[in-house]
Amino acid sequence: MWLYLRTAPALRRVWLRPTVFQATRGRGVKVYFSMAEARPSYEDIQKISDFLLSKTKHRPKIAVICGSGLGGLADVVEDQNAIDYTEIPNFPRSTVPGHKGRMVFGLLAGKTVVCMQGRFHPYEGYPLWKVALPVRVFKLMGIETLFVTNAAGALNSSFNVGDIMLMKDHISMPGLAGDNPLKGHNEDRFGPRFPAVSDAYNSELRQLARDIGKELGFESFMQEGVYVQVGGPSYETIAECKLLRMLGGDCVGMSTVPEVIAARHCGIRVFGMSLVTNMVVMDYDAKVTVNHEEVLETGKRRAQDMQKLVSKMIGQL
Ligand SMILES: O=P(O)(O)O[C@@H]1C[C@H](O)[C@@H](CO)O1
């Protein structure tokens with residue numbers, strides 16, 4: 001049931017979900033409602049896109065979403081206009097260390113780009129559609145190619161900390177459990193009700209990454225594999241890691257997939273890359289545990305190489 005409120009337009013439409021029915025003797029049935037936030041319409045997203053474009057002369061066709069500790073790429077963008085997420089109307093806020101929370105427009109390797117220096121994660125409390133909202137904003141800004149990066153733990157024991165994994169596929173644990181950024185009403189102007197994602201990670205871009213990686217002498221630490229998205233924020237148990245490895249995952253992380261699904265839905269081509277910031281714990285005798293400081297530290301050490309790879313690729317698009 002929709003309820004219309006006399007308030008600011010962005011807050012006016014509230015979806016009321018009947019949750020609890022309680023029979024009360026002699027007084028019929030009481031229905032309680034819980035509130036879920038209304039999704040922005042196509043026009044609302046157009047407004048966010050128009051707002052951003054009004055703040056910059058740049059008109060990018062390439063967007064980059066920077067993972068934990070990997071936002072340094074946005075700092076090397078030239079002739080830049082940076083817009084803090086807090087200035088963007090109806091836009092989420094970054095709450096995780098290592099995610100600055102700025103949209104940076106400018107030039108990278110001579111190409112006009114927009115970089116998200118900070119992404120949104122489901123564990124911050126955002127529904128998946130909101131995590132993926134920036135991708136739809138990108139679409140309406142004219143973005144055709146999306147680069148996504150993330151920090152991840154290696155499930156594949158032949159990988160090493162500091163390896164870069166080109167994403168060739170993903171397993172969405174939230175998706176398999178019934179949650180998806182496209183769940184709910186389909187906006188046909190973005191894409192079809194049932195989009196295919198078996199070709200989510202563009203094979204030509206992956207080949208370009210391999211070629212450039214070779215040129216840069218990165219072959220010894222470049223891998224290719226399957227990223228598993230989990231919900232977080234707790235890291236995985238040993239049993240969960242063993243399960244995810246059995247399922248065919250090479251790396252595990254808490255992001256990226258919602259953005260990729262939204263991008264493919266609206267016809268944006270995608271290149272994805274994980275930085276292995278830690279090996280997951282698979283051994284009950286291990287004395288180590290994963291922590292976010294280690295994730296950020298490894299990000300810092302390998303950030304320059306990832307930046308080189310991404311900017312060389314962008315230069316050749
Ligand atoms: O945004 P990404 O996926 O790079 O961040 C990873 C996943 C969690 O947010 C965090 C865990 O350390 O790093």
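## Asn-278

Asn-278 is buried, because its relative accessible area is 5% (buried means under 20% relative accessible area, exposed over 50%, partly exposed in between, with a 1.4 Å probe and protein chains only). The residue belongs to strand E12, residues 269–279. Helices (H or I, at least four residues) and strands (E, at least two) are DSSP runs, numbered from the N terminus.

Leaving aside residues up to four places away in sequence, Asn-278 touches Ala-152, Gly-153, Ala-154, Val-161, Val-290, Glu-294 and Val-295. Contact here means heavy atoms within 4.5 Å.

## Basis of the model

This is a predicted model, in which local features need pLDDT of at least 70 and side-chain atom pairs count only at pLDDT 80 or more, while totals for chains, interfaces and linings use all residues. Residues are numbered from 1 along each chain as its sequence is written, and side-chain values use heavy atoms, with hydrogens and water left out.

## Annotated positions

An unreviewed UniProt entry places the feature "binding site" at Glu-236 and Asn-278. They are spread over 43 residues of sequence but cluster in space, with a largest C-alpha distance of 12.3 Å. UniProt positions are given in the numbering used here, feature names are shortened, and annotations may be inferred rather than shown by experiment.

Glu-236 sits in the loop between strand E10 (222–229) and helix H7 (238–246). Glu-236 counts as buried because its relative accessibility is 19%. Not counting residues up to four places away in sequence, Glu-236 touches Val-230, Cys-241, Leu-244 and Val-252.

The unreviewed UniProt entry also carries the annotation "domain: Nucleoside phosphorylase" for residues 61–314. This span is 30% helix and 26% strand, and its end C-alpha atoms lie 11 Å apart.

## Cavities

The structure holds two cavities of 30 Å³ or more. On a 1 Å grid over the protein atoms alone, a cavity is a set of points where a 1.4 Å probe fits but cannot get out, and lining residues have an atom within 4 Å of a point. Grid points are joined across faces, edges and corners, and a volume is the space filled by probe spheres set on the points.

The largest cavity has about 70 Å³ of space. Helix H9 (residues 292–315) gives the largest share of its lining, four residues. Among the lining residues are Val-64, Leu-70, Thr-149 and Met-306.

The second largest cavity has about 40 Å³ of space. Its lining includes Arg-39, Trp-129, Glu-187 and His-265.

Technical notes: On a 1 Å grid over the protein atoms alone, a cavity is a set of points where a 1.4 Å probe fits but cannot get out, and a pocket is an open set with protein on both sides within 12 Å along at least five of seven lines; lining residues have an atom within 4 Å of a point.
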